[in-house]
Amino acid sequence: MSVSLGEPVPDFTATATGDTTVQLSDLKGQQVVIYFYPKASTPGCTTEGGDFRDRKAAFEAANTVILGVSRDGIRAQENFKAKQGFNFALISDKDEAVCRLFDVIKLKKLYGKEHLGIERSTFLIDADGRLAHEWRGVKVKDHAQEVLEAAQALHAGP
């Protein structure tokens, strides 16, 4: 089962940085950005996380929580968060449960070899828990700003 635009996102619970557990249903009443990245402490993922970090106050003003997700273990996520000064939770999804829910595990090629990995993707969930926007196959440049603008527009309403 995968999420669909306009539909409620199924509840999930996941291990996150700061010795916390994130449960989606606990965030109801707030918008949620969930961005999936391939690997902690790699250049593109560092840039993307930094772009979200630098816009956190603007996301908060739009009643929006940011969550980053990768298959890295919790120690790697903690180190990545601390080193980059990320001011939002990173989820460790080693069992790929959240990745499968959002259908972001894709066949990728690296140096001529195929492997399954995370397709860089972002999802915006509205305050009622419905999927409002999705971005798949994301290019990092200007992406966080685009997501912020969508969150602000959603928060402002029609």
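Reader: Let's start with Asp103: is it buried or exposed, or something in between?

Author: Asp103 counts as partly exposed, at 33% relative accessibility, where buried means under 20% relative accessible area, exposed means over 50%, and partly exposed is in between, computed with a 1.4 Å probe on protein chains only. This is a predicted model, in which local features need pLDDT of at least 70 and side-chain atom pairs count only at pLDDT 80 or more, while totals for chains, interfaces and linings use all residues. Residues are numbered from 1 along each chain as its sequence is written, and side-chain values use heavy atoms, with hydrogens and water left out.

Reader: Where is Asp103 found, and what is its phi near?

Author: Asp103 is found in the loop between α4 (97-101) and β6, where helices (H or I, at least four residues) and strands (E, at least two) are DSSP runs numbered from the N terminus. Its phi is near 55°, a positive value in a residue other than glycine. Most residues other than glycine have a negative phi.

Reader: And what about Asp19, which also isn't a glycine: where is it found, and is it buried or exposed?

Author: Asp19 has a positive phi of about 55°, and it is found in the loop between β1 (13-16) and β2 (20-23). Asp19 is exposed, with a relative accessible area of 79%.

Reader: Changing topic, how many salt bridges are there?

Author: The count comes to eight, taking a salt bridge as a side-chain nitrogen of Lys or Arg within 4 Å of a carboxyl oxygen of Asp or Glu. Side chains of opposite charge can pair when their charged atoms come close.

Reader: Which side chain does Asp72 meet in a salt bridge?

Author: Asp72 meets the side chain of Lys39, at 3.3 Å from N to O. Asp72 lies in the loop between β4 (64-70) and α3 (74-84) and Lys39 in the loop between β3 (31-36) and α1 (43-54), so the pair ties together parts that are 33 residues apart in sequence.

Reader: Of that pair, is Asp72 buried or exposed, and what does Asp72 touch?

Author: Asp72 is buried, at 8% relative accessibility, whereas Lys39 is partly exposed, with a relative accessible area of 45%. Not counting residues up to four places away in sequence, Asp72 touches Tyr37, Pro38, Lys39, Ala40, Gln77, Ser92, Asp93 and Lys94, with contact meaning heavy atoms within 4.5 Å.

Reader: Could you describe some of the other salt bridges?

Author: Arg136 and Glu134 meet through their side chains at 3.5 Å, N to O; Arg136 is partly exposed at 33% relative accessibility, and Glu134 is partly exposed at 32%. The side chains of Asp142 and Lys141 also meet in a salt bridge, at 3.8 Å, N to O, and here Asp142 is exposed at 51% and Lys141 is exposed at 67%.

Reader: Which residue does UniProt list for "active site"?

Author: The UniProt entry, which is unreviewed, lists Cys45 under that heading; UniProt positions are given in the numbering used here, feature names are shortened, and annotations may be inferred rather than shown by experiment. In the model, Cys45 is found in helix α1 and is buried, at 1% relative accessibility.

Reader: What does Cys45 touch?

Author: Leaving out residues up to four places away in sequence, Cys45 touches Tyr37, Pro38, Lys39, Phe80 and Arg120.

Reader: Last topic, which residues line the largest pocket?

Author: The lining consists of Pro38, Arg71, Lys108, Lys109, Leu110, His115, Leu116, Gly117 and Ile118. The elements that give two or more residues to this lining are β6 (105-110) and β7 (113-118), and β7 gives the most, with four residues. On a 1 Å grid over the protein atoms alone, a pocket is an open set of points where a 1.4 Å probe fits, with protein on both sides within 12 Å along at least five of seven lines, and lining residues have an atom within 4 Å of a point.
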